[in-house]
Amino acid sequence: MPISRRAALTGALTLVAAARGRAAETLKIGMVSPLTGPAAEPGRIQLNSARLAMDEVNQAGGVLGRPVELIVEDDQTTNPGAVLAFSRLANRGDCVGYIGSIRSTQMQAMAPDIARVARPVMFGGTDPTLTHSGNPWLFRCRPNDLYSARVIADFGVNDLKKRKWAVVYSTDAFGANGMKALVASLDALGVAPVLTQGYANQQPDFTPVVLAVRGSGADIMGSYFTFEPDQAVFARQVRQLGLTIPWVGSPSIASPVTLHLAGPALWGSYGIADFNVDSSAAAGAFAAAYARAYGGAQPDNGWTYDGMHILARAINAAGNTEPAAIRSAILAIRGYQGAEGVYNFDANGDGLHGYNVVRNEKGKLKFIRHVEFPVAG
């Protein structure tokens with residue numbers, strides 16, 4: 001073969017190989033996750049869920065014709081660790097979007113860097129202020145705490161028909177804000193609590209708190225507990241001291257850790273949960289897929305699974321990886337059925353606007369109903 005023809009053929013083959021390489025180049029999504037530290041076990045579930053969604057996206061053809069690759073950094077279950085993990089991902093320069101943290105304080109710590117990077121971040125922290133802070137790159141895949149208060153109040157007043165409320169809450173920022181939101185939600189229903197009782201985190205004895213509730217004449221109790229061990233100790237003392245009124249708690253009352261620590265002391269209580277396997281066909285399908293992928297294990301949340309699918313959906317809808325186009329595509333999502341619920345993104349970046357009510361029946365969470373509210377502007 002003449003040299004000129006050989007050179008031309010070699011050049012053509014090189015171009016074909018380069019084109020194939022570009023076509024096969026992965027589209028990268030960064031993820032901040034607790035791989036070590038006290039939240040490593042729930043972090044493992046969140047990571048598994050995101051990887052499951054990534055596999056489903058790739059099996060369906062990927063994003064913009066390219067396979068998705070998940071790049072993970074360990075946040076070490078600390079705020080400084082989360083900031084460092086996000087910094088590592090951002091410094092790569094090749095992530096088109098991110099999956100953030102379930103912890104609001106970590107998201108608050110990362111928020112300045114997220115604003116500077118200016119790419120979409122799907123997250124699970126429930127502090128309402130995160131999506132009302134003027135940062136346009138935060139998109140929540142769980143309902144925020146304003147909705148938890150509204151659901152606790154709605155279920156207790158309208159379903160259980162109770163109007164004499166005692167509200168027990170941690171005096172930290174989470175509990176105090178939850179209490180204020182619950183009092184406001186009850187006020188909107190024409191109910192004023194007979195007692196609002198705070199407590200300090202990580203105390204060994206809740207007897208004074210339980211006695212205050214018992215002596216208040218309340219016929220129902222709502223609660224915002226920050227730490228699962230506190231909730232378990234309180235639950236045992238509630239039963240020991242003979243307090244038998246209905247109890248509707250914030251999401252920590254339905255966490256696997258609380259269920260394990262409290263045991264029978266929480267039987268018969270109600271809670272609200274953003275994820276429940278029986279809440280929808282999509283939640284059941286996700287749980288079944290998770291069990292097939294991970295040896296029969298069951299997830300206790302699906303927000304990272306939804307976050308990955310939503311990012312993929314938005315990038316495909318945008319038709320490119322320009323951040324502003326992806327952001328607009330996320331905000332345009334309406335009626336998307338995810339594992340956590342039906343996503344209708346509002347202008348602030350909140351995708352979900354309701355919670356599931358569950359009942360603890362001998363340690364198993366029975367789905368009661370879903371309470372949904374209109375999308376805010």
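The legends below describe close-up views of a predicted model. Residues are numbered from 1 along each chain as its sequence is written, and side-chain values rest on heavy atoms, with hydrogens and water left out. Because the model is predicted, local features need pLDDT of at least 70 and side-chain atom pairs count only at pLDDT 80 or more, while totals for chains, interfaces and linings use all residues.

**View 1. Confidence along the chain.** The mean pLDDT (the predictor's confidence in each residue, from 0 to 100) is 91, and 93% of the residues reach 70 or more. Over residues 7-23 the pLDDT falls below 50, and this stretch has 4 contacts (heavy atoms within 4.5 Å) beyond near neighbours in sequence. Where pLDDT is low, the predicted coordinates should not be read in detail.

**View 2. The largest nonpolar core.** A nonpolar core is a set of buried Ala, Val, Leu, Ile, Met, Phe, Trp, Tyr and Cys residues joined through side-chain atoms within 4.5 Å; buried means under 20% relative accessible area with a 1.4 Å probe, protein chains only. The largest such core has 41 residues, of which Ile29, Ile310 and Ile330 touch the most other members. Elements supplying at least two residues each include β1 (27-33), α2 (40-59), α10 (281-293) and α11 (303-318); helices (H or I, at least four residues) and strands (E, at least two) are DSSP runs, numbered from the N terminus. Helix α11 gives the largest share, 8 residues. Another core, of 26 residues, lies apart and has Ala166, Tyr199, Ile245 and Trp247 among its members.

**View 3. Surroundings of Ile310.** Neighbours within four places in sequence are left aside here. Ile310 is then in contact with Met122, Cys141, Ile330, Ile333, Tyr336, Tyr343 and Phe345.

**View 4. Helix α2.** This helix of 20 residues reaches 28 Å from its first C-alpha to its last, close to the 28 Å expected (1.5 Å times one less than the number of residues). Its buried residues include Ile45, Leu47, Leu52, Met54 and Val57, and their cover includes β1, β2, β3, α10 and α11. Just after α2, Gly61 takes a positive phi of about 115°.

**View 5. Helix α6 and its ends.** Helix α6 (residues 173-188) has 16 residues. Gly175 is itself buried, as are Met179, Leu182 and Leu186, among others. The buried residues of α6 pack against α5 (145-159), β6 (165-170), β7 (195-199) and β8 (220-224). Gly190, with a positive phi near 80°, follows the helix.

Note on methods
Buried means under 20% relative accessible area, exposed over 50%, partly exposed in between (1.4 Å probe, protein chains only).
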